[in-house]
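Please keep the sequence and the structure in view while reading the points below.

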Amino acid sequence: MLMRTDPFRDLDRFTQQVFGTAARPAVMPMDAWREGEQFVVEFDLPGIDADSLDIDIERNVVTVRAERPPVDPNREMLATERPRGVFSRQLVLGENLDTDRIEANYAEGVLRLHIPVAEKAKPRKISVARGNGHAAINENAAKREVIDA
């Protein structure tokens, strides 16, 4: 059987491997949402050994790194569609998140990060005390009270 080389087909295959497609993205697909007073981020990493996962935090940037080992060179492969090698993704977190208390869990091919909201970003009441009969806001009362001095 004679096979011709098609450079455009090879280029298309290469760009799909590097940039991915809608059906098979080259980067780690993720979902993120807020759940109460924390943010949850999930990364799909099927076939990744938990020992190859690496999560780094520098200031407000979280870097997730994972590696899927190369195929055994002694195998005669019939199809190789799963991306292999090192995958990395960075998330820039807002200042309102507590990066000191991030928790990570990896189960069934999904890496899940729990990122709590920082105490300084949570809503709170501020007491204002004034003299001379001016109105003040009392922390414990829902309505304004007049304080006489």
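Val 61 has Val 92 in strand 5 as its bridge partner. The model is a predicted one, in which local features need pLDDT of at least 70 and side-chain atom pairs count only at pLDDT 80 or more, while totals for chains, interfaces and linings use all residues. Residues are numbered from 1 along each chain as its sequence is written, and side-chain values use heavy atoms, with hydrogens and water left out.

**The chain as a whole**

- Along the sequence, the elements of the protein chain follow the pattern α-β-β-β-β-β-β-β-β-β.
- The protein chain has 149 residues, of which 22% count as buried. Buried means under 20% relative accessible area, exposed means over 50%, and partly exposed lies in between (1.4 Å probe, protein chains only).
- Of the contacts in the protein chain between residues at least 6 apart in sequence, 44% join residues at least 24 apart; contact means heavy atoms within 4.5 Å.
- The protein chain has an accessible surface of about 11,800 Å², and 49% of this surface belongs to carbon and sulfur atoms. Accessible areas come from the Shrake-Rupley method with a 1.4 Å probe, and for residues, only the protein chains shown count as cover.

- Three strands form an open sheet in the order 3-4-5, and their pairing is antiparallel. Two strands pair if DSSP finds at least two bridges between them.
- Strand 3 (54-58) and strand 5 stand at the edges with a single partner strand each, so one side of each has no neighbour in the sheet.
- Neighbouring strands of this sheet are turned by 15° against each other on average, direction ignored. For such angles, axes are lines fitted to C-alpha atoms (for helices over the stretch in contact), and angles run from 0 to 180 degrees between N-to-C directions.
- Strand 4 (residues 61-68) and strand 5 run antiparallel and are joined by eight bridges.

- Another open sheet has four strands in the order 1-2-7-6, with antiparallel pairing.
- The edges of this sheet are strand 1 (30-35) and strand 6 (103-107); each has a single partner strand, so one side of each is left without a neighbour in the sheet.
- On average, neighbouring strands here are turned by 15° against each other, direction ignored.
- Strand 1 and strand 2 run antiparallel and are joined by six bridges. Trp 33 has Val 40 in strand 2 as its bridge partner.
- The hairpin of strand 1 and strand 2 has two residues between the strands, and Gly 36 in this hairpin takes a positive phi near 70°.
- Strand 2 (residues 38-44) is joined to strand 7 (residues 110-116) by seven bridges, and the two run antiparallel. Opposite Val 41 stands Leu 113 in strand 7.

- How many salt bridges does a search of the whole structure find? The search finds two, a salt bridge being a side-chain nitrogen of Lys or Arg within 4 Å of a carboxyl oxygen of Asp or Glu.
- Glu 42 and Arg 112 form a salt bridge through their side chains (2.2 Å, N to O). This pair links distant parts of the chain, with Glu 42 in strand 2 and Arg 112 in strand 7, 70 residues apart.
- Glu 42 is buried at a relative accessible area of 17%, whereas Arg 112 is partly exposed at 30%.
- Leaving out residues up to four places away in sequence, Glu 42 touches several residues, among them Pro 29, Met 30, Trp 33 and Leu 111.

- Asp 98 is buried, with a relative accessible area of 17%, and Arg 101 is partly exposed, with 42%.
- Thr 99 lies in the loop between strand 5 (85-92) and strand 6.
- Thr 99 is buried, with a relative accessible area of 18%. Apart from its neighbours within four places in sequence, Thr 99 is in contact with Ile 57, Arg 59, Asn 60 and Leu 93.
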